[in-house]
Amino acid sequence: MNIHLSLQSEIPTYEQIKVQIKAQILNGQLTPDQPLTSMRQLARDLRVSVITTTRAYSDLEAEGLIYTVQGRGCFVKGDAEMVRRQYLQSIDEALGAAVEKGKAAGLSLAQLQDRLEEIFHEQCH
């Protein structure tokens, strides 16, 4: 796992960890049943508290992306592709709603795209 934390970010540390692991699962970098770095080891590697890594892993488990085997650790869930499809469906629905609102506001496709790019760049920084 490759995780980079920003101490200047307004996003909480556990959320930064969660988002990066989620992205690695959804894009296939982390494969089904692959073991994740232990919470304690990840905390040491990132120089954060175990509470922080536990929160990130707990959230990922609640979202259905990982599972825990008592005494063995956390693993990538085998149905991550299904979760990815659910995310894509949710994105399509949100974008559909944004297009409807944009049309109601009289925005062109180019203006909607510009707005999406602005929001995307704001979220990435």
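Guide: Helix α5 (residues 109-124) holds both E118 and R115, 3 residues apart, about one turn of the helix; helices here are DSSP runs of H or I with at least four residues, strands are runs of E with at least two, and both are numbered from the N terminus. This is a predicted model, in which local features need pLDDT of at least 70, side-chain atom pairs count only at pLDDT 80 or more, and totals for chains, interfaces and linings use all residues. Residues are numbered from 1 along each chain as its sequence is written, and side-chain values use heavy atoms, with hydrogens and water left out.

Visitor: How far apart are the closest N and O atoms of E118 and R115?

Guide: The two residues form a salt bridge, meaning a side-chain nitrogen of Lys or Arg within 4 Å of a carboxyl oxygen of Asp or Glu. E118 is partly exposed at 43% relative accessibility, where buried means under 20% relative accessible area, exposed over 50% and partly exposed in between (1.4 Å probe, protein chains only). R115 is partly exposed with 39%. The closest N and O atoms of E118 and R115 are 2.7 Å apart.

Visitor: Is K18 buried or exposed?

Guide: The side chains of K18 and E15 meet in a salt bridge at 3.4 Å, N to O. The two residues are separated by about one helical turn, because they are 3 residues apart in helix α1. With a relative accessibility of 8%, K18 counts as buried.

Visitor: Which residues of α1 are buried?

Guide: Helix α1 covers residues 13-26. The helix is mostly covered, with 10 of its 14 residues buried. The buried ones are Y14, Q16, I17, K18, Q20, I21, K22, Q24, I25 and L26.

Visitor: What does the side chain of Q20 reach at 2.6 Å?

Guide: Q20 is placed in helix α1. Contact means heavy atoms within 4.5 Å, and Q20 touches N2, I3 and H4 when residues up to four places away in sequence are not counted. At 2.6 Å, its side chain reaches the backbone oxygen of H4.

Visitor: Why do the buried residues of α3 line one face of the helix?

Guide: The buried residues of α3 are T52, T53, A56, Y57, D59 and L60. Seen down the axis of α3, they fall within a limited arc, taken from the directions from the helix axis to the C-beta atoms. They line one face because that arc is 160 degrees.

Visitor: Which elements are included in what covers those buried residues of α3?

Guide: The face of α3 turned away from its buried side carries the exposed residues I51 and A62. On the buried residues, the cover includes α1, α2 (39-46), β1 (66-69) and β2 (73-76).

Visitor: What is the phi of R47?

Guide: R47 lies in the loop between α2 and α3. R47 is exposed, with a relative accessible area of 77%. Its phi is positive, in a residue other than glycine, and is near 60 degrees.

Methods: The expected span of a helix is 1.5 Å times one less than its number of residues. A polar contact is a pair of N or O atoms within 3.5 Å; within protein, one must be able to donate a hydrogen and the other to accept it, and residues adjacent in sequence count only if both atoms are side-chain atoms.
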